[in-house]
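Please walk through this structure one step at a time. Keep the sequence and the 3D view side by side.

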There are 2 protein chains.
Amino acid sequence: MSASLTQAMADLIVVFYKYSGNEGDKYTLTKWELKNLLQNEFGESMNAAHDTSVVEGIMRELDDNKDGVVDFKEFVVLVTAVTIAANDFFLDWEKQRKT
Amino acid sequence: MSASLTQAMADLIVVFYKYSGNEGDKYTLTKWELKNLLQNEFGESMNAAHDTSVVEGIMRELDDNKDGVVDFKEFVVLVTAVTIAANDFFLDWEKQRKT
């Protein structure tokens, strides 16, 4: 499998609308939609998403304009943060492996 | 094909290192590596990447800490900006289609 940048960007958009289209405004994530996204997309590693207070905390962090829902730009901030964290983890692991 | 969020995030990391590993520090993109990435990943739509001054301009924009190379965090800023622009384009198109 060869990774493609444009495919990865398209997938971010597709994943967002897969969840945002289920209730309320179809272009934004409600708390329930965000919970489903976290649980389904991060799977086992996101068991905490079963805890309503954790989802509410993430929602508050992401909902930059405080309108009670998460739009695509706010969602991309989450993706960026998690991707950078994953990359930092990989770099630390590489460094430790060498020492 | 079903889009996956974690796969998309992993692909961003894989694509970055595919190009950053070719010359100099293997964890950062030189100007030549950035040019290759833009040309190969954005293909026909990025013909401007053949123009050195365009690549230099993008490099200057991304190179936040002014060290002459683009690291993963700086790269993710580009990806985020292009993805949000693509999403805005899609929303405008949807809106126009309905009127």
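Predicted model: local features only at pLDDT ≥ 70, side-chain atom pairs only at ≥ 80, totals over all residues.

Now take the helix as a whole. H4(A) spans residues 72–98 and has 27 residues. From first C-alpha to last, H4(A) reaches 39 Å, close to the 39 Å expected at 1.5 Å a residue. The N-terminal end of H4(A) is capped by Asp71(A). A side-chain oxygen of Asp71(A) lies 3.2 Å from the backbone nitrogen of Lys73(A).

Next, the two chains. Two copies of a chain are related by a rotation about an axis and a shift along it. The same surface serves both copies, as 100% of the contact residues of chain A recur in chain B.

Chain A gives 37 residues to the contact, and chain B gives 37 residues. About 3100 Å² is buried between chain A and chain B. Carbon and sulfur atoms give 72% of that area. Polar terms are present as well: there are 4 salt bridges between chain A and chain B, and 8 residue pairs are in polar contact. On the side of chain A that touches chain B, H1, H2 and H4 of chain A each supply at least two residues. The largest share of that side, 16 residues, comes from H4(A).

Finish with one residue of this helix. Glu94(A) is found in helix H4 of chain A. Is Glu94(A) buried or exposed? Glu94(A) counts as buried because its relative accessible area is 9%, and the cut-off for buried is under 20%. Leaving aside neighbours within four places in sequence, Glu94(A) is in contact with Lys26(B) and Tyr27(B). With Lys26(B), Glu94(A) forms a salt bridge, the closest N and O atoms being 3.8 Å apart. Within chain A, the side chain of Glu94(A) makes a polar contact with the side chain of Arg97(A), at 3.0 Å.

Methods
Residues numbered from 1 in each chain as written. Chains lettered and ligands numbered in written order. Heavy atoms only, no water. Helix = DSSP H or I, 4+ residues; strand = E, 2+ residues; numbered from the N terminus. Expected span 1.5 Å × (residues − 1). Polar contact = N/O pair within 3.5 Å; in protein donor to acceptor, adjacent residues only side chain to side chain. Contact = heavy atoms within 4.5 Å. Buried area = accessible area lost by both parts, 1.4 Å probe. Salt bridge = Lys/Arg side-chain N within 4 Å of Asp/Glu carboxyl O. Buried < 20%, exposed > 50% of the residue type's maximum accessible area, 1.4 Å probe, protein only.
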